[in-house]
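Subject: Structure handover

Hello,

I am passing a structure on to you. Please open it first, then read my notes below.

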Amino acid sequence: MNRSLNNSKRPKNVVLLGSTGSVGTQTLDVIRALPDRFRVLGLAAGRNVELLASQIAEFTPSRYYAADGQELANSSDCRPVSLNELATLDDVDVVVAAMSGADALEPIIAALGAGIPVALANKELVVMAGEYLREAAQQGGTEILPVDSEPSAIWQCIRGETEKPKRLIITASGGAFRDRSWDALRSVSPEEALEHPTWQMGRKITIDSATLINKALEVVEAHWLFDIPYEQIDVVMHKQSIIHSMVEFQDGSVKAQMGPPDLRYPIQCALTYPERVANPTLSRFDPIEVGSLTFEELDSSLYPCFDLALDVAKRGGTWRAALIGADEAAVDLFLDGKIRFTEIGPVIERGLSVHQPIMDPSLRQLTEAASETANRIRTAISAVKG
Ligand code: MG
């Protein structure tokens with residue numbers, strides 16, 4: 001049974017994990033714009049309890065989760081529950097997974113296993129545990145609905161096709177430093193790195209875009225979500241961020257999905273699936289205004305982290321989880337001013353050099369590999385730099 005495919009006219013019940021982050025607030029923008037379509041059943045957030053409380057007041061869910069077991073005053077009609085309970089509430093039609101970190105992994109797997117479709121924004125979880133997510137979706141007879149713009153584009157291109165694609169072409173904006181040489185980046189500040197040329201996103205993903213680790217993670221994500229071998233996934237630089245990705249089919253025809261660089265489009269596409277719904281709050285695409293679209297080869301010598309991340313991710317076992325932990329720690333250290341931008345790659349590489357992989361790991365071993373690698377890197381850097 002796929003709960004998102006019910007034909008009833010009632011609004012869809014949404015549980016949103018990670019409601020106060022960038023994807024979470026944009027998801028609530030979509031829901032706010034389409035009040036007849038959705039009802040918020042549950043919200044989960046991390047430490048930003050003030051924003052969570054105001055979201056509860058506005059959207060009146062029946063359940064919530066706040067990290068560290070915090071309880072909110074004045075929320076008597078809205079009870080605190082665990083993340084797992086929230087993700088598998090009776091009557092939930094779709095869970096939006098927009099929470100950073102590995103805490104959402106177990107609840108998402110529980111939801112999929114219970115037949116609840118999951119709109120997934122957190123690519124780190126697919127990279128860490130793609131096989132577990134795929135298996136849970138199969139067991140539950142439901143789907144993972146991509147929210148990030150590139151996998152959403154691929155998904156939209158292959159919907160309705162009966163044969164496997166020949167090739168995926170993932171587009172990359174190149175991030176904040178796309179017009180600078182790697183050597184010129186030694187002294188860039190976190191503020192400069194957080195200036196993305198085309199997308200408004202959270203801090204971690206914006207830094208991942210500047211190093212292009214984000215693009216490597218998207219290749220891995222596409223490999224697992226769409227079951228496509230790595231040799232059939234290419235990345236091309238496309239600075240306008242208008243074409244969100246392309247799919248080549250066996251006959252050589254190519255479909256591209258395009259639109260303004262605004263995450264609310266792919267979020268809405270996942271939420272209303274399989275329907276398409278007019279949203280008056282979103283701007284309309286104007287090809288004349290865009291003018292020209294350009295494509296260039298990805299020069300990976302300018303982005304050493306791209307090859308590093310992809311090489312590590314292609315290894316089996318706990319390597320992908322360790323990569324996620326290493327990247328998370330390195331990005332935090334850069335944002336805290338503890339390491340330079342150009343040290344992100346070397347710090348990840350050193351952190352991974354002592355990783356002892358476990359092949360065929362359990363879910364727990366995956367999350368432990370991520371957190372142990374992250375902790376080891378943080379400890380090693382603070383031992384040197386205080
Ligand atoms: Mg993306």
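Here is what was found, topic by topic.

This is a predicted model, where local features need pLDDT of at least 70, side-chain atom pairs count only at pLDDT 80 or more, and totals for chains, interfaces and linings use all residues. Residues are numbered from 1 along each chain as its sequence is written, and side-chain values use heavy atoms, with hydrogens and water left out.

Asp148 and Glu150 are both buried. Buried means under 20% relative accessible area, exposed over 50%, and partly exposed in between (1.4 Å probe, protein chains only).

Nonpolar core

The largest nonpolar core holds 129 residues. Such a core is a set of buried Ala, Val, Leu, Ile, Met, Phe, Trp, Tyr and Cys residues joined through side-chain atoms within 4.5 Å. Val95, Ile108, Leu133, Leu271, Phe341 and Ile348 touch the most other members. Helix 13 (residues 319–335) gives the largest share of this core, 12 residues. Helices (H or I, at least four residues) and strands (E, at least two) are DSSP runs, numbered from the N terminus.

Take Leu271 as an example. Beyond its neighbours within four places in sequence, Leu271 has contacts that include Lys12, Val14, Ile31 and Phe38. Contact means heavy atoms within 4.5 Å.

Ile344 sits in helix 14 (residues 344–353). Its relative accessible area is 0%, so Ile344 is buried. Not counting residues up to four places away in sequence, Ile344 touches Ile207, Thr211, Ala330, Phe334 and Ile339.

Ala33 belongs to helix 1 (residues 22–33). Ala33 counts as buried because its relative accessibility is 18%. Leaving aside neighbours within four places in sequence, Ala33 is in contact with Asn279 and Thr281.

Cavity

There is one cavity of 30 Å³ or more. A cavity is a set of points, on a 1 Å grid over the protein atoms alone, where a 1.4 Å probe fits but cannot get out; lining residues have an atom within 4 Å of a point. Grid points are joined across faces, edges and corners, and a volume is the space filled by probe spheres set on the points. The volume of the largest cavity is about 40 Å³. Its lining is Phe177, Arg178, Arg180, Leu185, Ala210, Leu302 and Tyr303.

Backbone points

Most residues other than glycine have a negative phi, and most peptide bonds are trans.

- Tyr273 and Pro274 are joined by a cis peptide bond, with omega about 5°. Pro274 is in the loop between helix 10 (264–272) and helix 11 (287–290).
- Asp227 has a positive phi, near 55°. Asp227 lies in the loop between helix 9 (213–226) and strand 9 (233–237). Asp227 counts as partly exposed because its relative accessibility is 41%.
- Ser241 also has a positive phi, about 50°. Ser241 lies in the loop between strand 9 and strand 10 (243–248). Ser241 is buried, with a relative accessible area of 5%.

Best wishes

Notes: On a 1 Å grid over the protein atoms alone, a cavity is a set of points where a 1.4 Å probe fits but cannot get out, and a pocket is an open set with protein on both sides within 12 Å along at least five of seven lines; lining residues have an atom within 4 Å of a point.
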